[in-house]
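The points run from the whole chain to single residues.

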Amino acid sequence: QVHLVESGGGLVQAGGSRRLSCAASGSIFSINAMGWYRQAPGKQRELVATITSGDNTNYGSSVKGRFTISRDNAKNTVYLQMNSLTPEDAAIYYCNANVRIYQSDWYRDYWGQGTQVTVSS
């Protein structure tokens, strides 16, 4: 099995920065794309950013230019650097990874438990 553990959430003032981390562990053969999604109360889960194994990135329109996604393949870890935070960025942030485990020939998506980011105005 695969476990994704996020860290770095918490309370930050508007205009501030925060860095989230997500480490994948388990019987991992290979990781394809990794990414971050978020869900605010009463809203659907939305894409924040994704990054492929070749470091190609994609961002949601609301975070483009403010957030940066990166990964360390040796550590099976993905990061999200969040700058210029606004109260609209407050949400639970979920890590996602498309993983192939040793016991399988296919990739499937795994999710972390989420980490809360609160932005005070």
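Strands, as the term is used below, are DSSP runs of E with at least two residues, numbered from the N terminus. On that basis Ser21 lies in strand 3, which covers residues 18-26. The model under review is predicted.

1. Secondary structure. The protein contains 11 strands and zero helices. Its pattern along the sequence is accordingly β-β-β-β-β-β-β-β-β-β-β. The radius of gyration is 14 Å, close to the 14 Å that the globule rule gives for 121 residues, so the protein is as compact as a globular protein of that length.

2. Overall dimensions and contacts. Taken along the principal axes, the box filled by the C-alpha atoms is roughly 50 × 25 × 25 Å. Of the contacts between residues at least 6 apart in sequence, 55% join residues at least 24 apart.

3. Buried residues account for 42% of the 121 residues.

4. Ser21. Is this strand 3 residue buried or exposed? The relative accessible area of Ser21 is 18%; because buried means under 20%, Ser21 falls in the buried class. Beyond residues up to four places away in sequence, Ser21 touches Val5, Glu6 and Ser7, as well as Trp36, Val78 and Tyr79. Of these partners, Val78 and Tyr79 fall within the residue range 77-82 of strand 8.

5. Thr77. This residue belongs to strand 8 (residues 77-82). Thr77 has 8% relative accessibility and therefore counts as buried. A polar atom of the Thr77 side chain lies 2.9 Å from the backbone oxygen of Lys75. Leaving aside neighbours within four places in sequence, the contacts of Thr77 are with Cys22, Ala23, Met34, Ser70, Arg71 and Asp72. Among them, Cys22 and Ala23 fall within the range 18-26 given for strand 3.

6. Ser27. Which side chain makes a polar contact with that of Ser27? The partner is the side chain of Gln103, at 3.0 Å. Ser27 is placed in the loop between strand 3 and strand 4, the latter spanning 28-39. Not counting residues up to four places away in sequence, Ser27 touches Gln1, Arg100, Ile101, Tyr102 and Gln103. By contrast, Ser27 and Leu85 are 58 residues apart along the chain, and their C-alpha atoms are separated by 35 Å.

7. Positive phi values. Most residues other than glycine have a negative phi. Asp55 has a positive phi, near 70°, and is not a glycine. The residue sits in the loop between strand 5 (46-51) and strand 6 (57-59), and Asp55 counts as partly exposed because its relative accessibility is 47%. Ser84, also not a glycine, has a positive phi of about 50°. Ser84 lies in the loop between strand 8 and strand 9 (91-101), and at 40% relative accessibility Ser84 counts as partly exposed.

Conventions:
Residues numbered from 1 in each chain as written. Predicted model: local features only at pLDDT ≥ 70, side-chain atom pairs only at ≥ 80, totals over all residues. Heavy atoms only, no water. Helix = DSSP H or I, 4+ residues; strand = E, 2+ residues; numbered from the N terminus. Rg over C-alpha atoms; globule rule 2.2 N^0.38 Å. Buried < 20%, exposed > 50% of the residue type's maximum accessible area, 1.4 Å probe, protein only. Contact = heavy atoms within 4.5 Å. Polar contact = N/O pair within 3.5 Å; in protein donor to acceptor, adjacent residues only side chain to side chain.
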